[in-house]
Amino acid sequence: MNPIQAAGVDVDAQIRNLVDSLSLEQKVRLLTGADVWSTHAIPEIGLGRIVLSDGPSGVRGEDFDERHDSISLPSSSALSATWSLDAARRYGQVLGQEARRKGVHVVLGPTINLHRSPLGGRHFECLSEDPRLTSGLAAAYVSGVQSMGVGATPKHYVANDAETDRFTANSVVAERPLRELYLQAFEEAITEAKAWLVMSAYNSTNGTTMSENKLLETPLSTEWGFDGVVVSDWTGVRSTDASANAHQDLEMPGPKGHWGAKLVDAVNEGRVSLAAVEEKVARILRLAARVGVLEGFEPAVTETPVELDGRRVARDTAVLGAVLLRNQDNVLPLDAKSLRRVAVIGHNAEEARTQGGGSATVMPKQVITPLYGLRRALPSDVEVSYNRGAKVAEGIQPFRRGDMTNPVSGGPGVRVSFLDKDGAEISAEDRFASQLIWFGLGIPEGTVSVHATTVWTAPSAATHHLGIATVGRISLAVDGRTAFDGELKDETEVLGAALFFPPTFSTPVQAEAGQKVRVDVEYQLDTDGPIPFSVITFGQEAIVEDPRAEIDAAVEAARAADAAVVVVGTNSAIESEGFDRENLDLPGHQNELVEAVAAVNPRTVVVINSGSPVLLPWRNKVGAILQGWFGGQEFGAAIADILLGVEEPGGRLPTTWPAAIEDVPVLSTTPVDGQVVYSEGIHIGYRAWLKQQADGGAAPAYPFGFGLGYTSFQLGRAHVPTTATVPATTSAQTTARGRDVVVHVPVTNTGSRTGREVVQVYLAREASAVERPVRWLAGFGDIRLAPGGAGSVEVRIPARAFAHYDGGWQFERGTFQVLVGRHAEDDFQVHSIELR
């Protein structure tokens with residue numbers, strides 16, 4: 001126990017005593033990271049280091065090393081498609097469990113910026129276009145993580161809804177949409193789930209970069225009562241005085257930064273108050289106490305949490321979030337007993353994208369692809385053929401692990417050697433993957449270059465294009481012949497370009513099936529970057545000389561099959577951190593492929609492997625469409641279960657899907673003169689679509705909240721109170737449970753299978769003194785019922801749902817419509833409620 005603690009002194013007082021015991025230099029040192037992933041320890045007061053790790057869909061730990069594998073959960077857009085608070089809580093619990101296993105104290109997630117535009121590059125990593133759905137799921141996620149004694153970090157606060165010029169862009173947002181949409185998405189994670197951290201964003205909001213912005217104080221700390229740590233996004237602190245005088249608490253990464261000795265001087269010279277520094281230190285010590293690295297303080301969680309099966313949760317989430325968009329003539333589920341031949345088609349069937357690109361990347365031990373999942377699930381007497389059909393993956397893709405042999409150990413994988421300035425080996429290690437990433441850790445001191453070598457076994461007789469991808473100086477040798485020795489230059493000057501969109505080189509290599517080819521790569525380290533970050537990828541590039549021939553081969557396979565499963569999707573050059581999308585098209589010749597296959601087989605099932613909306617010009621020509629998202633490591637197992645009827649697709653769209661990019665009402669993510677002006681105000685997502693349709697504009701292909709199943713349900717007449725009482729005066733906080741409006745909706749399963757229904761309740765006001773959306777989501781709930789089963793769904797509508805922001809939360813008395821249905825454009829049950 002720390003000697004300065006005394007019986008009867010509360011925790012905050014004890015923490016203040018600890019703060020007072022530190023010198024100014026110690027206090028300031030604690031405010032900047034010790035390295036890329038952890039804070040400084042102060043052993044003399046019993047303070048250990050706090051380890052932070054990227055989420056939000058897996059916990060990587062302090063390195064990108066595939067030997068230290070992680071559970072890879074479905075992406076956040078898949079989680080939000082579950083419309084399930086229970087699923088979000090379990091998801092968070094698995095992340096907390098993974099963090100404990102890896103010695104991590106803080107998970108950097110959830111990412112809860114809104115889907116303002118479908119072009120947003122991190123759309124897959126965010127939850128939804130609606131603040132109510134986002135806020136509820138985020139709170140459940142945070143609760144799940146923190147129930148394991150690990151801190152959660154809602155990010156990126158706030159209005160960080162695009163990637164273009166993300167370090168410098170200024171989001172210009174009026175007060176009302178800022179409060180009602182973008183801040184509301186964060187609110188419940190703070191006020192209800194009591195998040196222990198929040199991450200400030202790179203961007204500016206209304207002219208001030210977020211690490212210096214007054215929004216860190218109000219509403220975050222004042223109105224919402226946040227007592228945790230505001231951590232910067234990595235390199236997001238850009239100043240000394242301005243950021244230190246704001247409610248920015250922790251600068252990451254370290255040890256170099258804008259605070260340190262500069263902040264000590266600022267305090268001594270009176271430009272930054274000592275009280276401001278001490279408040280930050282107190283918050284960091286409070287976090288340390290909560291996560292159990294401050295001696296003498298009881299952690300927030302003292303009992304050993306119940307262990308969950310991470311792979312099971314990954315699979316269940318993928319099933320529950322998969323959205324059935326079309327099922328013409330009940331093509332699905334497929335009857336395995338009646339099948340003799342199934343044609344599986346599509347690059348993503350074999351090389352599925354199970355997670356998005358960028359900092360969200362984790363290294364799972366195993367990934368189940370749709371092709372593997374179907375082959376494993378179908379009876380042995382069913383012939384499963386595979387054709388790529390159309391290339392999707394761009395650039396250099398790592399070698400498959402099973403095709404590599406370590407030439408030193410003789411086992412699978414790659415030999416990696418760290419060399420000094422004279423070329424002498426400092427140390428070496430055996431790796432399993434040919435994408436090698438070092439971010440802060442893993443490269444020994446004195447290393448000047450990294451040499452990697454493997455013996456690759458050609459999987460087929462062909463001309464293979466072997467290559468490298470990185471930023472910097474690198475050489476490639478194939479069977480002892482130098483194919484490249486030079487510099488691959490980054491033209492973007494974006495931090496992390498080597499991971500997000502690296503320049504590449506490839507060379508043709510003629511090889512027979514089973515032929516052994518030695519590959520050697522040597523990379524010169526760059527030691528001048530702001531963060532120690534190196535990425536080397538070596539492997540194959542898919543180059544197709546005759547795209548039509550690939551499609552024709554897939555068509556012949558489909559023609560001869562009882563059913564064709566076409567897996568289409570995006571690639572890492574389209575959906576990733578670091579850049580926004582240019583369009584919503586499926587890359588390559590995938591649309592042509594689907595059209596051709598559907599023309600010869602009416603039982604064509606299309607599985608979409610994307611993290612965000614894509615255009616589906618063939619959507620009315622195929623038998624069935626299933627949106628599988630980036631489905632995590634169990635993606636293929638979940639898809640097989642759904643297609644074969646073992647499970648029902650449980651998802652509903654968390655964002656609107658357009659029919660054409662020209663129809664999208666809020667589209668641009670590109671700053672103009674450094675600014676992204678949110679001119680649409682309160683109308684984003686389905687709200688914008690409904691406004692557009694009311695003005696005679698286009699409708700979407702699939703509305704927000706839409707999703708089919710394998711059974712049918714009937715919604716009975718809902719019980720809705722006729723009146724509701726709201727506060728007589730405006731208040732920052734109007735979410736108390738006692739003021740909720742509770743709606744009960746009877747539900748009956750009228751079909752022949754067990755299934756799940758999601759009930760959605762919207763509000764509307766036809767005659768209003770203020771501008772409002774046509775309708776807006778107020779609450780939701782779900783129920784699972786056996787055939788013929790009946791039950792009731794309770795949906796709670798918080799008083800805040802009736803309010804609008806005008807210098808404070810205001811309530812317009814009078815009549816609101818309560819709309820009960822299944823999606824944002826349903827034929828609703830209409831009820832009235834009088835607000836008093």
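A residue is called buried under 20% relative accessible area, exposed over 50%, and partly exposed in between, with a 1.4 Å probe and protein chains only. This briefing applies that scale to a predicted model, in which local features need pLDDT of at least 70, side-chain atom pairs count only at pLDDT 80 or more, and totals for chains, interfaces and linings use all residues. Residues are numbered from 1 along each chain as its sequence is written, and side-chain values use heavy atoms, with hydrogens and water left out. Helices (H or I, at least four residues) and strands (E, at least two) are DSSP runs, numbered from the N terminus.

**Helix 9**

- Helix 9 covers residues 274–291, which makes 18 residues.
- From its first C-alpha to its last, helix 9 reaches 26 Å, close to the 26 Å expected at 1.5 Å a residue; the expected span is 1.5 Å times one less than the number of residues.
- G292 follows helix 9 and has a positive phi, near 85°.

- Three strands form an open sheet in the order 1-2-3, with parallel pairing; two strands pair if DSSP finds at least two bridges between them.
- Strand 1 (52–54) and strand 3 (151–152) stand at the edges with a single partner strand each, so one side of each has no neighbour in the sheet.
- Strand 1 and strand 2 (residues 106–108) run parallel and are joined by 3 bridges.
- Opposite S53 stands V107, in strand 2.

**Backbone exceptions in loops**

- Most residues other than glycine have a negative phi, and most peptide bonds are trans.
- The peptide bond from Y157 to V158 is cis, with omega near 5°, and V158 lies in the loop between strand 3 and strand 4 (170–172).
- A cis peptide bond also leads from G254 to P255, with omega near 5°; P255 is placed in the loop between helix 7 (241–245) and helix 8 (260–268).
- D165, a residue other than glycine, has a positive phi near 50°.
- The loop between strand 3 and strand 4 holds D165, which is partly exposed at a relative accessible area of 45%.
- N330 is a residue other than glycine with a positive phi, near 55°.
- N330 is found in the loop between strand 9 (323–327) and strand 10 (341–345), and its relative accessible area of 62% makes N330 exposed.
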